[in-house]
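Hi,

Here is the structure I promised to pass on.

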Amino acid sequence: MKLSQFKFRLPEELVALELPYVTFDNEDGTKEKVYRRDEGRMMVLHRKSQTIEMYQKDEEGNDTDKYLIFRDIVNYFDDGDAIILNDSKVFPARLYGKKEKTDAQIEVFLLRELNAELRLWDVLVEPARKIRIGNKLFFEDDGPMVAEVIDNTTSRGRTLRFLYDCPHEEFKHDLFALGQAPLPRYIIEHRECVPEDMDNFQTIYAQHEGAVTAPASGLHFSRELMKRLEIRGVNFAPITVHCGLGCFDPIEVEDLTKHKMSSEQMIVGKEACDVVNTAKEKGHRVCAVGVSTLRASESAVGTDNLLKEFDGWTNRFLFPPYEFQLADTMVVNFYHPESTMMMATAAFAGYDLTIEAYEKAVENGYKFGCFGDCMLILDD
């Protein structure tokens, strides 16, 4: 496949800047915004019949004029089905400091802690041209949070040593208190980050800290919806994939076989394996929620097409054609042109069906991106 095959025109107004919400008028004349994460629109793709559903059905099974919303997903699963979730937890990775002497504002994006004892962090800086080895960054006017640049790793990458003398947990607490939700740049270019973003850019089942971007397809799940799925007999299989920025890296080669994905840390435990493999062996659906989960499950599947315990890293790049061994169902958002997430979708649903779905999404005003609408891809 070629990069240019995933190019399309995405109107700027179709990029979602926050979760779905409704607004209420309070008695004092103020307005209150209430987020409804499970009320985004959902398109259903049937990859064998090559058909697409967009509308809710009436009692006779005919299309209505109401779009399917994510809450309707409960109607597509049965007792014994398994849903694989990524329970990685996003931390407030974006913070702003000032360069010593010049007071120039520098954006620092925390990627991962390299050494807890030495307070070493792998970061990205912007503007990178101003930051060199030996520079110091101050993150509070009168506070103690100071970092020194000790290495250049990439054009934008740096290694920082935080000069902060206190217990490690206290250091991390104070560091994260200075940070913001690591919203994608295509969002913060259009609005400011607000405190509620830290909750909204987090799945309700997040457990293990380490992600610098949300496993966004999981943002649609509400507690009420998960309870309804549990009552229906659906089993959840949480795995951990610490989502990095590799999915957002621009692809700079036309031939997709030459693109190299960044690695992401992943952990698949015995409990998740038992849930998934039981469903698989009994002929039930196995649904991967999001591209990170799909990549991880394909990295941990054995030659017997069953999920295996895994603790390591994956740099698997999914694009068509690809024969999947584990999941037969997928939940995924609508993403930007030429993105690796769109390519993974096409690998799973098929290129032609994916392009048709994206065209319908643009025509009908579906929202794109991390906070956008989604599709449910079924193997029927």
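Predicted model: local features only at pLDDT ≥ 70, side-chain atom pairs only at ≥ 80, totals over all residues.

Residues are numbered from 1 along each chain as its sequence is written, and side-chain values use heavy atoms, with hydrogens and water left out.

On to the cavities. By cavity I mean a set of points, on a 1 Å grid over the protein atoms alone, where a 1.4 Å probe fits but cannot get out; lining residues have an atom within 4 Å of a point. Points are joined across faces, edges and corners, and the volume is the space filled by probe spheres set on them. The structure has 2 cavities of 30 Å³ or more. The largest holds about 170 Å³, and of its 17 lining residues, Ala214, Ala216, Cys247, Tyr335 and Met341 come closest to the centre. Its lining splits into 10 nonpolar, 5 polar and 2 charged residues (Ala, Val, Leu, Ile, Met, Phe, Trp, Tyr, Cys and Pro count as nonpolar, Asp, Glu, Lys and Arg as charged, the others, Gly among them, as polar). Helix α6 (residues 291-299) contributes the most to that lining, with 3 residues; helices (H or I, at least four residues) and strands (E, at least two) are DSSP runs, numbered from the N terminus.

The second largest cavity comes to about 30 Å³. Its lining is made of Met261, Val291, Arg295, Arg316, Phe317, Leu318, Thr340 and Ala344, with α6 and α7 (340-349) the elements that give two or more residues. By class that is 5 nonpolar, 1 polar and 2 charged.

Just past the end of α7, Gly350 has a positive phi of about 100°.

Next, Gly369, in the loop between α8 (351-363) and β21 (374-378). Gly369 counts as buried because its relative accessibility is 0%. Leaving out residues up to four places away in sequence, Gly369 touches Tyr186, Asn333, Phe334, Tyr335 and His336. Pro184 is 185 residues from Gly369 in sequence, yet the two C-alpha atoms are 9.1 Å apart.

Last, the hairpins. Strands count as paired if DSSP finds at least two bridges between them.

- β1 (residues 21-25) and β2 (residues 31-35) are antiparallel over 5 bridges. Tyr21 sits opposite Tyr35, and among the 5 residues between the strands, Gly29 has a positive phi near 90°.
- β9 (residues 94-99) and β10 (residues 105-115) run antiparallel, joined by 5 bridges. Leu95 has Val108 as its bridge partner, and Lys101 in the turn has a positive phi of about 80°.
- β10 also pairs with β11 (residues 120-126), antiparallel over 7 bridges. Asn115 stands opposite Leu120, and Arg119 takes a positive phi near 60° in this hairpin, which has 4 residues between the strands.

Cheers

Definitions and conventions: Buried < 20%, exposed > 50% of the residue type's maximum accessible area, 1.4 Å probe, protein only. Contact = heavy atoms within 4.5 Å. 1 Å grid on protein atoms, 1.4 Å probe; cavity = no way out; pocket = protein on both sides within 12 Å on 5 of 7 lines; lining within 4 Å.
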